[in-house]
Amino acid sequence: MADLAKHEVERAEFAFSIYDNEGNGIDAVDLGNLLRALNLNPTNATIEKLGGTKKKNEKKIKFDEFLPIFSQCKKDKDQGCFEDFNECLKLYDKEENGKMLLAELTHTLMSLGERMESGDVDTIITDCCGPEDDDGFIDYVPFLKSLVAGPPDTKK
């Protein structure tokens, strides 16, 4: 593809091969996982729009069909960024001191937008959130910075 560099195509091919168990394409239910493995953050709605499915064995996607999907997802700016998330969490910062209740953060993640499961929220809180203070508040800016930075680099 003209808009993907050679190393991006190679990386995509490697990741695709991991999900292509039988050598005849990936199950469309795995499209989101594959895109996330390539460091993209598509919403569930975006995945469906790009051809992903919710049930196994409904559809197969071959590598040559996947490349335009990967390219489109890379261009998609509807994924949110630090500034967007920061503005949202400021709504919970009643004292305007960069702190919010951990319980409110947990509730927000589990109830607004694309709702998350309790176990996923627990993982994010554990991995990205500093300790809460005696009153149950956390500093949300370091939390957001850690969250948008993605998983730690494990190549060290």
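Of the 156 residues of the chain, 35% count as buried, where buried means under 20% relative accessible area, exposed means over 50%, and partly exposed lies in between (1.4 Å probe, protein chains only). The model is predicted: local features need pLDDT of at least 70, side-chain atom pairs count only at pLDDT 80 or more, and totals for chains, interfaces and linings use all residues. Residues are numbered from 1 along each chain as its sequence is written, and side-chain values use heavy atoms, with hydrogens and water left out.

**Fold and dimensions**

- The chain contains 8 helices and 4 strands; these are DSSP runs numbered from the N terminus, with helices being H or I of at least four residues and strands being E of at least two.
- In sequence order the elements follow the pattern α-β-α-α-β-α-α-β-α-α-β-α.
- The C-alpha trace spans about 55 × 30 × 30 Å along its principal axes.
- Leu-101 sits in strand β3 and is partly exposed, at 29% relative accessibility.
- Leu-101 and Ile-61 are 40 residues apart along the chain, and their C-alpha atoms are separated by 43 Å.

**Aromatic contacts**

- The count comes to 4 aromatic pairs, a pair being two rings of Phe, Tyr or Trp (its six-membered ring) with centres within 6.5 Å; planes under 30 degrees apart count as stacked, over 60 as edge-to-face and the rest as tilted.
- One of these is the tilted pair of Phe-16 and Phe-66, at 5.7 Å centre to centre with 40° between the planes.
- This pair links distant parts of the chain, since Phe-16 belongs to helix α1 (residues 6-19) and Phe-66 to helix α4 (residues 63-75), 50 residues apart.
- Phe-16 is buried, with a relative accessible area of 4%, and Phe-66 is buried at 0%.
- Phe-63 and Phe-66 also form a tilted pair, with 6.5 Å between the centres and 35° between the planes.
- Phe-63 and Phe-66 are separated by about one helical turn because they are 3 residues apart in helix α4.
- Phe-63 and Phe-66 are both buried.
- One aromatic cluster is formed by Phe-16, Phe-63, Phe-66 and Phe-70.

**Salt bridges**

- Side chains of opposite charge can pair when their charged atoms come close.
- The structure holds 7 salt bridges, each being a side-chain nitrogen of Lys or Arg within 4 Å of a carboxyl oxygen of Asp or Glu.
- Among them is the bridge between Asp-3 and Lys-75, whose closest N and O atoms are 3.0 Å apart.
- Asp-3 lies in the segment before α1 and Lys-75 in helix α4, so this bridge ties together parts that are 72 residues apart in sequence.
- Asp-3 is partly exposed, at 36% relative accessibility.
- Glu-10 and Lys-6 meet in a salt bridge with an N to O distance of 4.0 Å.
- Glu-10 and Lys-6 are 4 residues apart in helix α1, so about one helical turn separates them.
- Glu-10 counts as partly exposed at 44% relative accessibility, whereas Lys-6 counts as exposed at 65%.
- Lys-99 forms a salt bridge with Asp-139, with 3.1 Å between the closest N and O atoms.
- That pair links distant parts of the chain: Lys-99 is in strand β3 (residues 99-101) and Asp-139 is in strand β4, 40 residues apart.
- Lys-99 is partly exposed, with a relative accessible area of 25%, and Asp-139 is partly exposed at 38%.

**Surface patches**

- A surface patch of negative charge gathers Glu-95, Glu-132, Asp-133, Asp-134 and Asp-135.
- Patches are made of residues with over 30% relative accessible area and no salt bridge, like charges being joined within 9 Å and nonpolar side chains (Val, Leu, Ile, Met, Phe, Trp, Tyr) within 5 Å.
- Lys and Arg count as positive and Asp and Glu as negative, while His and the chain ends are not counted; the place of a charge is NZ of Lys, CZ of Arg, CG of Asp or CD of Glu.
- Asp-135 is found in the loop between α7 (118-128) and β4 (137-139) and is exposed, at 61% relative accessibility.
- Phe-85, Leu-147 and Val-148 make a nonpolar surface patch of about 210 Å², with accessible areas taken from the Shrake-Rupley method with a 1.4 Å probe; for residues, only the protein chains shown count as cover.
- Leu-147 lies in helix α8 (residues 140-149) and counts as partly exposed at 30% relative accessibility.
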